[in-house]
Amino acid sequence: MNRKLFLILPIVSLLFLAVLLAKGLQSDPRKLESKRVGKPAPEIVLTTLDGKQFNSQSMQGKVWLLNVFASWCSACVTEHPKLMQLAEQHRLPMVGLAYKDKTSDTVSWLKQHGGNPYDIIAVDLDGRVGIEYGVYGVPETFVIDSEGKVRMRHAGPVDDEFIAQHVEPLLAVSNVGNTK
Amino acid sequence: MIAELGQWSLALALAIALVSSILGFWHLTRQSLSTAYLSRALTGTALLNFFLIALSFGALIWSFIANDFSVRNVAENSNSLLPTAYRFAASWGSHEGSLLLWVLMLAGWTAAVALRSANLAHGFRARVMAVLLILQVAFIGLLLASSNPFLRLLPAALEGRDLNPLLQDPVMVIHPPMLYMGYVGFAVTFAFSIAALLEGRLDPTWARWSRPWANAAWAFLTVGILLGSWWAYTELGWGGWWFWDPVENASILPWLAGTALIHSLAVTDKRDALKSWTVLLSLIAFALSLLGTFLVRSGVLTSVHAFATDPTRGILILSLLCAVVGIAFVLYAWRTREVGMGGSFSLVSRESLLLLNNLLLAASLAAVLLGTLYPLVVEAFGGEKMSVGPPYFEAVFAPLLLPAAWFMAMSPWSTWKSTSSFSLIKPLLFPLIAAVVVTAGFILLRGKGSIMMALGIASATMLACATVMHVAQRVRQQGIALSRLYALGLSYWAMVLAHLGVAVFIAGVTLVKTYEVEKDLVLSPGQTENFDGAMLRFDGVRMRTGENYGAWQGMFELKHANGSTVQLTPEKRRYMSNGQVMSEAAIDVGFFGDTYLSMGEPLPVEGNKPQAWTARIYSKPFINWIWWGCCMMALGGVLSIFDRRYRNKAKLKDKSMSQEQVSQAAV
């Protein structure tokens with residue numbers, strides 16, 4: 001009996017493994033689930049690029065986008081045109097978080113790459129806000145809802161799929177209150 | 001045109017392999033053609049197929065060298081700025097290209113078996129060839145169905161997207177071919193086992209035929225893993241050499257199975273024992289190679305290495321894996337029942353020692369497999385996304401494998417069938433004392449003693465000492481003349497070399513884990529920092545232009561405690577084609593350890609002060625011993641292939657008295 005079990009064991013483990021791997025294939029390993037999703041977004045109090053004060057409290061009642069970028073980040077170049085497109089449609093306020101980036105560098109980078117898509121650019125020179133948001137890499141994008149909760153976190157360049165899946169539906173629901 | 005030629009010859013190879021393997025099996029089962037004829041026909045097919053697949057691979061390389069950006073794969077993975085050597089390597093830098101390399105390796109191994117198997121029984125040889133050809137069918141089919149590297153991109157791209165800069169490293173040029181040689185090499189032992197199972201003839205001859213192939217595959221795999229680890233060390237910029245990353249685990253799994261296999265084959269060869277275990281191991285080794293390919297290529301587990309992700313491909317590779325391994329395991333369950341248990345042995349014997357080591361290897365294999373797949377298990381049962389980190393692997397791996405070193409120390413002193421416990425313990429007395437002395441010495445002189453550190457050093461010393469003492473004893477018996485030493489058999493020297501390699505490896509790992517030091521620095525030009533007894537001076541940064549990148553090159557001078565100085569020039573490179581930034585560490589390599597320096601970021605300039613940079617410096621004592629240990633193991637594997645026992649012509653001589661004693665000694 002024991003011997004038979006020993007002979008059949010390899011097949012049984014193979015079957016188990018196959019089911020497991022097939023199931024694993026269905027999920028997207030690149031999706032980073034953040035502990036912050038569904039929780040209130042950490043407060044941001046920072047100086048903006050033009051020297052004013054920005055407090056994230058002022059965004060209450062709106063669906064807005066927080067995009068972490070930097071002039072030293074190569075992937076940010078890729079997503080920049082998408083953000084410009086989004087900005088042209090004037091659908092929702094976009095806040096840029098210039099992450100560990102000198103103001104002069106940020107300004108010249110934006111100039112070089114065809115403009116500023118953001119309504120507000122907050123300067124996070126020492127990266128403290130980045131830490132509070134659990135920024136994993138640049139670029140990273142957070143969608144924050146009208147109640148001030150993080151609805152979605154996206155690591156890597158923003159693409160059409162992200163906008164269609166995560167930004168559009170929120171706008172459809174809460175567009176009424178979202179006057180800009 | 002060249003790319004089409006590549007695709008056609010691949011398609012032709014697929015058709016030939018399909019027709020010949022099916023016809024081969026048909027006639028073998030019906031016994032409608034003589035096995036002598038079939039074995040000749042199938043080996044001929046194998047050679048022809050190797051030629052066709054090599055042609056196809058050549059076409060891909062040609063497309064890369066010639067910058068043919070109308071081939072999608074070239075456009076996606078190369079660039080006209082890319083140096084020629086890397087354009088060559090880029091042909092296997094992508095998913096498609098690496099699968100073609102896989103197929104080429106398989107065809108190469110098949111051709112090698114065809115050429116080196118003239119002394120096998122005809123029926124057996126024909127079955128081995130047919131199994132290998134079926135595997136070719138499966139993999140060429142997969143390639144053409146889901147990952148064709150020859151697809152055109154029309155209109156052609158003006159410029160290619162470039163090879164991932166991480167892969168632009170000389171080591172990366174040879175790492176994948178070596179690793180794949182190892183992976184695919186286990187296809188040969190797999191085919192031998194399937195053929196033996198089909199014939200219902202698992203005997204010492206089967207094991208003897210398998211041994212050199214298993215050793216060769218294992219040696220290649222060892223070199224492949226070593227190169228990968230070395231690459232991670234030099235290229236990833238933070239001084240680590242093993243991360244327990246899923247892709248690394250995918251290569252260590254078949255290695256562990258292979259290590260168990262080459263030892264278990266020895267038992268089956270010499271003593272006709274452990275047969276069903278050995279055959280299972282040979283199936284598992286190849287299954288794990290396939291699993292490795294699947295894990296890397298499907299991206300099912302997140303990893304710094306996962307270069308291609310595509311669910312359709314994943315499903316295809318998974319189905320292929322299940323089909324190949326499933327059939328093999330069914331065959332195993334069905335056929336092994338008829339195989340006897342083979343020769344018996346007593347509780348204290350060389351067989352027992354080898355079996356014990358096999359069990360330790362199998363247990364560590366299971367532990368690594370569990371750790372690698374655990375995130376999938378958790379997710380499958382609805383848990384959160386998670387990963388299993390180095391702490392788990394280190395906690396299970398070392399305690400499972402260190403005892404193996406002790407059994408390895410005993411093994412040369414043991415004899416087949418039965419050994420008295422006393423004759424095993426007695427020769428270990430001196431190594432044991434040496435181990436205690438050396439370990440105590442390290443703790444006294446350099447501090448930082450811990451249980452794992454003491455166990456590591458003691459095991460390494462003990463193993464090295466016991467092995468060297470055994471050599472000394474043999475030399476005393478045989479005399480020092482070169483011909484007498486050769487008469488001990490290459491297998492013996494291979495075992496000595498490989499086991500010493502394990503000792504060197506364990507010592508390297510333990511010492512680097514215990515004594516490595518790192519320090520984060522912020523340096524302005526002209527500033528000097530103390531580090532681990534040495535002085536590091538920063539002389540500023542200059543711009544440098546490489547073939548396809550621009551770089552900030554930091555200029556540092558390191559003054560060691562003994563007064564010698566070295567210039568270190570770590571770089572921060574920015575690749576022109578896509579703007580990716582890479583760190584290139586500078587390493588001062590030494591026998592007793594490396595100093596490893598990597599550049600961080602430039603700091604914001606304050607006022608008129610010169611630009612300051614962050615940097616990180618590591619002291620890595622004895623880290624080279626890790627690579628040298630692996631080299632010795634691999635060299636041992638290679639050496640054993642040339643043992644005369646595996647050459648049929650030498651068979652008669654083997655019967656003479658003195659040779660009989662010698663082969664007793666060699667595992």
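This is a predicted model: local features need pLDDT of at least 70, side-chain atom pairs count only at pLDDT 80 or more; totals for chains, interfaces and linings use all residues.
**Figure 1. Where domain 1 of chain B touches domain 2 of chain B.** Domain 1 of chain B puts 27 residues into the contact, and domain 2 of chain B puts in 29 residues. Which helices supply at least two residues each on the domain 1 side? They include α4 (84-90), α5 (95-115) and α6 (122-146) of chain B. The top contributor to that side is α6(B), with 11 residues. Sort the residues of the domain 1 side by type and you get 20 nonpolar, six polar and one charged.

**Figure 2. Inside the largest nonpolar core.** This core has 193 residues, and Val103(B) and Ala187(B) have the most contacts inside it. Domain 1 (1-163) and domain 2 (165-336 + 349-393) of chain B each provide at least three residues of the core. Zoom in on Val103(B): leaving out residues up to four places away in sequence, Val103(B) touches Ile53(B), Phe139(B), Ile140(B) and Leu143(B). There's also a second, separate core of 36 residues, and among its members are Leu66(A), Val68(A), Ile120(A) and Val167(A).

**Figure 3. A closer look at helix α8 of chain B.** How far apart are the end C-alpha atoms of helix α8 (residues 204-235) of chain B? They are 45 Å apart, which agrees with the 46 Å that its 32 residues should span, because each residue counts for 1.5 Å. Look for a bend of about 35 degrees at Ser210(B), with a proline, Pro212(B), following within four residues. Is α8(B) mostly covered or mostly uncovered? It's mostly covered, with 26 of its 32 residues buried. Just after α8(B) comes Gly237(B), which takes a positive phi of about 80 degrees.

**Figure 4. Chain A, helix by strand.** Chain A has five helices and seven strands. Of the 180 residues in chain A, 32% are buried. Take the contacts in chain A between residues at least 6 apart in sequence: 77% of them join residues at least 24 apart.

How values were computed. Residues are numbered from 1 along each chain as its sequence is written. Chains are lettered from A and ligands numbered from 1 in the order in which they are written. A nonpolar core is a set of buried Ala, Val, Leu, Ile, Met, Phe, Trp, Tyr and Cys residues joined through C-beta atoms within 7 Å. A residue is buried if 20 or more other C-beta atoms lie within 10 Å of its own, exposed if 12 or fewer, and partly exposed in between; C-beta atoms are placed from the backbone. Domain bounds come from an automatic or database domain assignment. Two residues are in contact if their C-beta atoms, placed from the backbone, lie within 7 Å. The expected span of a helix is 1.5 Å times one less than its number of residues. The bend at a residue is the angle between axes fitted to the seven residues ending there and the seven starting there. Ala, Val, Leu, Ile, Met, Phe, Trp, Tyr, Cys and Pro count as nonpolar, Asp, Glu, Lys and Arg as charged, and the others, Gly among them, as polar.
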